[in-house]
Amino acid sequence: MENFQSQTAENRYDKASLAKNNGATQLSNTNELDAEQLAELMLKVANLRCKVSFAKLFKHFGPKISAFGNQRLHQQGLAMDLVQETMTRVWTKAHLYSEDKAAVSTWVFTVMRNQCFDMLRKVQHNKEDSFGDDIWPLFESDDAESNEDDFKLSGTLLRHVDELPPLQRQIVQGIYMQEMTQQELADKLGIPIGTVKSRLRLGLEKLKGFMEKHYD
């Protein structure tokens with residue numbers, strides 16, 4: 001497999017250049033490629049692994065993907081990651097493109113949207129993990145020299161878990177005390193995983209409110 005990173009470096013489509021030229025509106029209309037030209041380039045990438053053709057596709061789609069990423073992900077760095085990840089998939093999966101089924105733009109933007117959804121899910125998952133770590137720092141510690149106040153805090157936190165609404169308490173206890181995954185809880189309780197996530201978030205918000213009061 002061709003080295004994608006060296007290819008992008010070779011053609012100078014790194015994050016800095018994309019940031020400098022961010023936004024599809026910055027491209028001149030005279031530089032826009034029509035559907036026939038895009039199809040020709042894509043087929044060369046698919047059949048010949050043509051780097052020159054890929055560079056032209058990257059130049060055409062890169063700013064558009066970046067603009068979409070800025071709108072949906074709200075971070076320049078994540079938008080640049082979306083460009084890199086999308087175009088990596090275009091390069092590696094070009095052989096799957098069928099001119100009879102879709103225009104190149106449709107195909108590339110479908111790849112882009114799917115990648116964006118994956119990134120949003122990861123961002124949300126990381127936020128939830130970080131949120132839980134912020135308010136649940138003690139139960140996995142086996143350090144004999146842990147501060148006495150920390151143990152008191154653990155006991156107090158447990159009492160507040162018991163005070164959560166039953167549905168939220170069930171999820172928080174399952175995740176943090178029984179060490180079940182969200183999917184395992186969803187399967188056990190017969191509820192959608194989205195419901196598990198929302199109940200967990202609500203429970204953690206209540207516990208975080210307690211923590212903020214405690215440390216104040």
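Predicted model: local features only at pLDDT ≥ 70, side-chain atom pairs only at ≥ 80, totals over all residues.
Residues are numbered from 1 along each chain as its sequence is written, and side-chain values use heavy atoms, with hydrogens and water left out.

Begin with the whole chain, coloured by accessibility. Of its 216 residues, 36% count as buried, where buried means under 20% relative accessible area, exposed over 50% and partly exposed in between (1.4 Å probe, protein chains only). Among contacts (heavy atoms within 4.5 Å) with a separation of 6 or more, 67% are made by residues 24 or more positions apart.

Next, select helix α4 (residues 51-73) and helix α5 (residues 76-92), whose axes come within 8 Å and cross at roughly 145 degrees. These axes are lines fitted to C-alpha atoms, for helices over the stretch in contact, and the angles run from 0 to 180 degrees between N-to-C directions. The crossing of α4 and α5 is right-handed, meaning that the near helix is turned clockwise from the far one by less than a right angle. Showing side chains brings up the residues that meet, including Phe-54, Phe-58, Phe-61 and Ile-65 in α4 and Leu-82, Val-83, Met-87 and Val-90 in α5. By class, this contact has 15 nonpolar, seven polar and one charged residues, with Ala, Val, Leu, Ile, Met, Phe, Trp, Tyr, Cys and Pro counted as nonpolar, Asp, Glu, Lys and Arg as charged, and the others, Gly among them, as polar.

Staying in α4, pick Ser-53, which is buried with a relative accessible area of 4%. Leaving aside neighbours within four places in sequence, Ser-53 is in contact with Leu-41, Lys-44 and Val-45.

Then move to Ala-46 in helix α3, which is buried with a relative accessible area of 17%. Ala-46 touches Ala-94 and His-95, not counting residues up to four places away in sequence, and its C-alpha atom is separated by 8.6 Å from that of Thr-92, 46 residues apart along the chain.

Of its 28 residues, Met-42 and Met-87 touch the most other members, and the elements that give two or more residues to it are α3 (35-48), α4, α5 and α6 (104-135). Centre on Met-42, which, neighbours within four places in sequence aside, is in contact with Leu-57, Val-90, Ala-94, Tyr-97, Val-104, Trp-107 and Val-108.

A second, separate core of 13 residues includes Val-161, Leu-164, Val-172 and Leu-185.

Finish at helix α9 (residues 182-189), whose buried residues are Gln-182, Leu-185 and Ala-186. Seen down the axis of α9, these fall within an arc of 100 degrees, so they line one face of the helix; the arc is that of the directions from the helix axis to the C-beta atoms. The face turned away from the buried side carries the exposed residues Asp-187 and Lys-188, and α9 is followed by Gly-190, whose phi is positive, near 70 degrees.

Notes
Helix = DSSP H or I, 4+ residues; strand = E, 2+ residues; numbered from the N terminus. Core = buried A, V, L, I, M, F, W, Y, C linked by side-chain atoms within 4.5 Å.
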